[in-house]
Amino acid sequence: MASNSSGGSDRQRVAQQRLRIITGHLQGRENGDSTIIAAECKAEGSQTDVSREEGKTVPRRRQEIMKWNGWGYSDTKFIFNNKGQAEFTGKRYRLSGMIIPALKEWFEGTFGASMQHKSPAAPVLNSGAVQPPTLNEAFLEELKSTGVLFSHDAEDRVYRAHGHCLHEIFALREGKVGRVPDMVVWPNCHDDVVKIVELACKHDVCLIPYGGGTSVSSGLECPPEETRCIVSVDTSQMNRILWIDEKNLTAHVEAGIVGQDLERLLNESGYCTGHEPDSMEFSSLGGWVATRASGMKKNIYGNIEDLVVHVKMVTPQGVIEKSCRGPRMSTGPDIHHFIMGSEGTLGVVTEVTMKIRPVPEYQKYGSVVFPNFEQGVACLREVAKQRCAPASIRLMDNEQFKFGHALKPQVSSMFTSFLDGLKKFYITKFKGFDTDRLCVATLLFEGGREKVLQHEKQVYDIAAKFGGLAAGEDNGQRGYMLTFVIAYLRDLGMEYYVIGESFETSVPWDRVLDICRNVKARIIGECKSKGVQFQPLSTCRVTQTYDTGACVYFYFAFNYRGLSDPVHVYEQVERAAREEILANGGSLSHHHGVGKLRKEWMRETVSNVGMGMLQSVKDYVDPKNIFGNRNLL
Amino acid sequence: MSNTYRDSYGAGLENEEEFVDILEERRRSSDLGHALRTFSPHPYKGAESCSNADLNKAVLESQYLRYMAKEIAAETGSSVEEVREEACGILEEMSQNLQLKCIRLMGFTMTKVLKRLYSSIFVNMEGLNMLQQSIQEHPVILMPNHRSYMDFLIISYIMFTYDIPMPFIAAGIPLAGMKLVGEVLRRSGAFFIRRAIGSDKLYWAVLSEYVRTIVKTGIAPLEFYVEGLRSRTLKSVMPKLGMMHMVMEPFFKGEVYDITLIPISISYDRVLEESLLAHELLGIPKPKESTTALLKASKVLQEDYGSMHVNFGRPMSVRHLCEGKINRCQYNLVPRDLPQKPSAEVQACVSWLAHLMVRVQEEGSMMGPWALMACLLLQAPTRVLTEEGLPWQELTDKTLWLRKLALDFGARLNWPSGQGQAPDADVMSSTVALHGSVVNRKAGRVFLVQEEEPTRNRPISPEEKMISTAAAVLMLASYRNMSLHIFVRPALLAMALHIKKTTQKDELLAFFCFLWDVFSNEFIFIPGNSSQDFEEACFLLKKCGAVHVSEQEVTVSVAGLEVLSFLQALLQPFIDSYQVIFRYLCENEVHVYAEKQFLTAVRNLATELILSGELHTYEALSSDTQKNVLSALQRLDSLTKSRASEQNEYTVNKAAVRRIDDILSGKIPPQMLHTTPEAKL
């Protein structure tokens, strides 16, 4: 662990702690499944090649491990093998190397897709398609003298020119590259960033901060009208935990660290932040701060705004930060709230002090089946009312329930499949649930063993009042695992003329059912009117509960065979869906952010005066628009 | 152009759709078998099964009613419990109690009655099929026009016959008071609404929650008359907005994805209540709705009423209609369960939609030969009709000419293909025979039928004679009204050409808009659509060869004179009637009138003028026209209504009324009527 912590005693203590944790893990394994921890759901990262740099996932050259035109690791993807069965390749995930027997039927049945109709991607990035860089020579000269690493290699630049919006990935698959950064720089620490920003101001260079590249708001797209040299500031090498303060339970971390590394490194010291956004394998701390991220387990740990104690951001006017680490202050508007959600328009977040917690003693997954979505929502509402939400509680609608089922890996034992059959019989025949209406909630409990079991009982008791039946740990765990592999599934779809995406909102409780029904119906209606030939998949889930409302996620995908401009159709439908969300009292975004994709609705979202406030902050902090990604405003 | 609404809103169906006579099968097979048929409709897919008691419970326990009960309790000083009990009473009085058993009984009786009264009941199957489809997709609102008591159960009867879920029907409370009948209607799905709810907050609250709950849950299609009441003149009535707003609100608030409106046009060859209506218009009060009155009226069962057409229009999506008209975000900041005054935007949208529905109903209605003949008969001097008679040949020739014009204007004509050597002549002969209560044909001439009261010994006074003639004329006028929607726009232009004697298009447009404005209580126009209506009028007159239209000018063609004079004569009675009333208001010493006093005075004046030969139309005697004038003047800020003790009082701004009269006579050019500041005094 790269730690600046000083003093041998410290080091000793850390080592001891690590030992304790590892012992804990080993014991846990012996006990079998009871101590599954969330980390097992996501990929193992590059732990295998720890030799390179003690457990850091993201290399400077992302192309070494990641796809250039799809999600995640190069070695990991869904394929239909030569027997026509779906298979998940690689070794990183629990699902890796497994056959998923029901996926093909679901895929063909849901989308009308066929193995015969393939829409393969361009195999390699053609550097010729990338415009030669517009370099600012004076900037370049001075940059060289600072020793900060940089590159204007075409591949490096293309990797940093996009997030994971459908249109971005679709274009890459077709081998199309638009405006890309002219240069990439890799600062190694806060001071490097200060130098880069100073030089950029001096030479009028446009800077676009780049963290994990998981944006789904067109936030990383280079504005095509930008004529200055665009420099992508890749923070991925600023990935150290600088210190851990065990007395106050905080950790001071460089902002480029990605979620999985942060958790793993903290775990080694017996701690965690508990911040687990679905993108945590690749998204970075700085990115979370800049977009107001939300984590799956926010019920226990809070969202990013609750976790941040102190932030340092480098702006064209200098460094902004608070003078102390007081847990709360009454010192006018919280300047952290200018930083959080600024989406790279004001500066680069370089270092963050975050709350940490001891690694929980015990974790338990669970799931509940409800006769219908309405009952499920009513249950979640009651759980929120009683403020007894587990670390995570998510409710999938019927379509997603079926989708989840289609993703069950092949079971090895006859006994398991017999049990599955028995369960299904019990739920549908004995309890009279309609397989076309039932839905499932997945749960994750965390904490002391006693408390977890107590908590679990409380939640299941509430669920029972709404007709919910406990449906086992497996179903729950599979639900969370899907979070991490679902992004890979989109790439599979795109091989067979299926495109799709997810988007989210937050909405008051009394509107949850209405917004789910209306947005799903709107998507189907718009697809039909835009000439989509096949029935789209239009599904949703409630992923977070709050006192006064919930976060709702929509998934939407369709078979685009027969359309001349599928991406345009897709964008029209998504736009319509967003309008429907707003008309139904939903927010513009719960945690994805605004970027350029949702900018058009900002004014009506925050009012004219609100826009003026944000604009005046921008005008003061960055009068020359050095941070020119043009997000948000 | 004339098909604007059909095209964009899909009101009518373009092709000659297939109308099926549903009585034909009833005549061939058992009535009992029909009544006992298996009824298994496909309901709305989102509906939860919900008994009538559940529905009422949901209404009473709604957040909205709780809130309102608290508020009303605080205002009136009574306890919340008392208010809730009162609400419970209101709901009991209001709510329907649909029962299949009763529907079967009703079906059985209806079959008997319908077969006796009507030769056929035509229903368009394509519309019915689309309805069947729509009902499964979204909550459905059935919106028939209302011309006869017969409308009331005919939709339910058709739905029952074709396995479509039975609607809940909004009805006026007097029907509930009828012994037995009230209960039968309630069990057939009727729910009852008080008239003149006024400012009874609790009543509004219960009613609106009841209606919204029906729409939100989609437990049954909802049927209501957007015109609010039965048209006494067979002319469309200015739509009422209250119910329309309640129905739309679940969509505005996102509680349903969409709502489907089904315009339904019911057209009759002959209306059961024809003479009753005419007498009511002349101020002879309508008999109270009672079961005995109904039985007494059973003599109407002995007559022939020709055929009935029920035209189910193309389903209209509220979501689609409201696109760009409503920003639904306005409901985001206040809980949707709380009462919220509708914004100007919402009010305008509801009003627009209500008017649009009336227009679509008009376009879907079927017009028979009789409506055309009535137009022509009314254009003959009344004396000719009562004394000399109109030559049959002249009437039939002119009717055939008018048929062509009506078709040019896009009318849906119900012109049966007659038999024999001269099929058209046969059709007209049988039409006149069917309407023997209004006209009779003797020795090649057509006469107006005058009421005979043989029991009377003393000689008939001229006033009494006139009332008798007036009743016949108003009956005729009602049948003419069935065709007005076809002719009214070109007729307004013809009138503008006649009064202004100009060819300048902009001047004509200004005068057209003035007429449009003044008469928009009389004829139903879509708010804000006057310019489009003018364009439509130009287009239609051009299409039939009556005018040439250029950028700047509208010129009359020689061949167009006949058309234009017909159209102008069609509107003349309205112009004359309005002018009589305007002049009465201006010339009288009084400034403030009680409503009753006003109606009597105008009727007396009109009687006088008719007897002296100064006024040529009997329509000025119609209380409907008189009330429309009052509403129009109020709308134009020339009259203010106030409520003094028991009845309404009107204060007249004479200068403003005089100005309208002067514009109407062409003495001064038209001006913006609404913005003149002194008119507000």
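Mentor: Of the 633 residues in chain A, 57% are buried. Keep in mind that this is a predicted model. Chain A holds 19 helices and 21 strands. Take its contacts between residues at least 6 apart in sequence: 77% of them join residues at least 24 apart. The chain exposes about 25,900 Å², and carbon and sulfur atoms supply 52% of that area.

The part to look at closely is helix H12 of chain A, residues 373-385. Begin with its length. Next, which residues of H12(A) are buried? They are Phe373(A), Gly376(A), Val377(A), Cys379(A), Leu380(A), Val383(A) and Ala384(A). These residues cover an arc of only 160 degrees around the axis, which means that they are on the same side of H12(A). The spacing follows a general rule: an α-helix has 3.6 residues a turn, so residues three or four places apart point the same way.

Follow the chain out of the helix and you reach Arg387(A), in the loop between H12 and S16. Its phi is near 50 degrees, a positive value in a residue other than glycine. Arg387(A) has a relative accessible area of 63%, so it counts as exposed, the cut-off being over 50%. Arg630(A), in the segment after H19 of chain A, also deserves a check. Phi of Arg630(A) is near 55 degrees, again positive in a residue other than glycine. With 32% relative accessibility, Arg630(A) is partly exposed.

Helix H19 of chain A, residues 602-621, contains Leu614(A). Leu614(A) is partly exposed at 31% relative accessible area. Together with Val609(A) and Met613(A), Leu614(A) makes a nonpolar surface patch of about 290 Å².

Now the charged pairs. Side chains of opposite charge can pair when their charged atoms come close. Over all chains, the whole structure has 78 salt bridges. In one of them, Arg575(A) pairs with Glu600(A), with the closest N and O atoms 2.5 Å apart. This pair links distant parts of the chain: Arg575(A) is in helix H18 (residues 566-583) and Glu600(A) is in the loop between H18 and H19, 25 residues apart. Both partners are partly exposed, Arg575(A) at 36% and Glu600(A) at 45%.

Lys235(B) and Glu522(B) meet through their side chains at 2.8 Å, N to O. Lys235(B) lies in the loop between strand S6 (222-223) and helix H13 (242-252), and Glu522(B) in the loop between helix H23 (505-518) and helix H24 (530-543), so the pair ties together parts 287 residues apart in sequence. Relative accessible area is 6% for Lys235(B), which is buried. Glu522(B) is buried too, at 1%.

A further pair in chain B joins Arg383(B) and Glu388(B), at 2.8 Å from N to O. Here Arg383(B) is partly exposed at 47%, and Glu388(B) is partly exposed at 41%. Elsewhere, salt bridges that share partners join Arg522(A), Glu526(A), Lys530(A), Glu580(A), Arg319(B) and Arg328(B) into one network.

Methods. Residues are numbered from 1 along each chain as its sequence is written. Chains are lettered from A and ligands numbered from 1 in the order in which they are written. This is a predicted model: local features need pLDDT of at least 70, side-chain atom pairs count only at pLDDT 80 or more; totals for chains, interfaces and linings use all residues. Side-chain values use heavy atoms; hydrogens and water are left out. Helices (H or I, at least four residues) and strands (E, at least two) are DSSP runs, numbered from the N terminus. Buried means under 20% relative accessible area, exposed over 50%, partly exposed in between (1.4 Å probe, protein chains only). Contact means heavy atoms within 4.5 Å. Accessible areas come from the Shrake-Rupley method with a 1.4 Å probe; for residues, only the protein chains shown count as cover. Patches are made of residues with over 30% relative accessible area and no salt bridge: like charges are joined within 9 Å, nonpolar side chains (Val, Leu, Ile, Met, Phe, Trp, Tyr) within 5 Å. A salt bridge is a side-chain nitrogen of Lys or Arg within 4 Å of a carboxyl oxygen of Asp or Glu. The expected span of a helix is 1.5 Å times one less than its number of residues. The arc is that of the directions from the helix axis to the C-beta atoms.
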